Amino acid sequence: MKTNYKKRDDSRVRAKKHLGQHFLKDLNIAQRIVDGLSVHNGYTKVLEIGPGMGVLTQFLINKDAFSTYVIEIDTESVAYLKKHYESLTPRIIEGDFLKFNPADFFSEPFAIIGNFPYNISSQIFFRALQIRDQIPEIVCMLQKEVAQRIASPPGNKDYGILSVLLQAFYDIDYLVSVPPGAFDPPPKVQSGVIRLRRNAVAALDCDEKMFFRVVKTAFNQRRKTLRNALKPVGDLPDHPLLTKRAEQLSVAEFVELTKLAQDLQPQI
């Protein structure tokens, strides 16, 4: 039986600028975001980050494939959710995802979904990378240029640090663009929805900390050739990749450069 969803009274929660809140009001977009979850690798739990007034939540809780949890830092939104989604109350986590310890709530892998606050979306991804083996899938909305950057392939001007670090461990699809008018209040930028699904890479064939350092250093001066951009890492031996620029390298090629950098480190 088809469920009829009604728009909540959004006057109940005031959007807070310091939290980067822009509440999605387009129910068609909300449905498309939730439908982006593919239950990759068979997870049975989903964590929604920053549900606000539950525009995604109302679709999530009607999915039979998984149980929905939410994490919300805004106390006003928490009160709203408890009032309008009473059955969800035991699975409402009051707190900050960036300080969240999944072991306190999950003993198995879980997916992440949400309309990410644009001011902390990169931080959310870096935190997700730290616990990537517990997160088989991420479906999220964020600033369009950031979404395009993350999904961008090598050789594209949008390709950057997050592209490489996330593509090392996830297969990424750009799903849909969302105009400012789909939100209240409308943001000053376009938005985009992406899906990240954990790939088969259990571990990189190099030192991970050095890999992160090489990638970040390379893109800090992306207009320079890598021979010059990577000087802070050390005096790397001659290699064909050093004649290229950061945006031209694949994940595998960054791994290759990282191995060169590792060889320069003193052995302990």
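This is a predicted model: local features need pLDDT of at least 70, side-chain atom pairs count only at pLDDT 80 or more; totals for chains, interfaces and linings use all residues.
In which sense do E6 and strand E9 pair, and over how many bridges? I looked this up first: E6 and E9 (residues 191–198) run antiparallel, with seven bridges between them.

**Around E6**

I followed the chain from E5 to E6; it goes through helix H4 (residues 121–130), and the β-α-β crossover is right-handed. Seven of the seven residues of E6 (residues 137–143) are buried, so the strand is largely enclosed by the rest of the structure.

**Rings**

I searched for aromatic pairs and got ten. Phe 106 and Phe 110 have ring centres 4.3 Å apart and planes at 20 degrees; under 30 degrees counts as stacked, so this pair is stacked. Both Phe 106 and Phe 110 are buried. They also belong to a cluster that ring pairs build with Tyr 69, Phe 97, Phe 100 and Phe 105.

I also looked at Phe 219 and Phe 254, a tilted pair with 5.9 Å centre to centre and 35 degrees between the planes. Phe 219 is in helix H7 (residues 208–220) and Phe 254 in helix H9 (residues 251–263), so I have a link between parts of the chain 35 residues apart. Phe 219 and Phe 254 are both buried.

Charges over rings: I noted Lys 216, whose charged end sits over the ring of Phe 126, 5.1 Å from its centre. Arg 198 does likewise with Tyr 170, at 6.0 Å.

**Salt bridges**

The whole structure gave me 13 salt bridges. Which parts of the chain does the one between Arg 132 and Glu 208 tie together? Arg 132 lies in the loop between H4 and E6, and Glu 208 in helix H7, so the pair ties together parts 76 residues apart in sequence. The N to O distance is 2.5 Å. Arg 132 counts as buried at 11% relative accessibility, whereas Glu 208 is partly exposed at 31%.

Asp 205 is exposed at 55%; Lys 259 is partly exposed at 34%.

Technical notes
Residues are numbered from 1 along each chain as its sequence is written. Side-chain values use heavy atoms; hydrogens and water are left out. Buried means under 20% relative accessible area, exposed over 50%, partly exposed in between (1.4 Å probe, protein chains only). Helices (H or I, at least four residues) and strands (E, at least two) are DSSP runs, numbered from the N terminus. A crossover is right-handed if, with the strands pointing away from the viewer, the path from the first strand over the helix to the second runs clockwise. Two strands pair if DSSP finds at least two bridges between them. Rings of Phe, Tyr and Trp (its six-membered ring) pair if their centres lie within 6.5 Å; planes under 30 degrees apart count as stacked, over 60 as edge-to-face and the rest as tilted. A charge sits over a ring if NZ of Lys or CZ of Arg is within 6 Å of the ring centre and within 35 degrees of the ring normal. A salt bridge is a side-chain nitrogen of Lys or Arg within 4 Å of a carboxyl oxygen of Asp or Glu.
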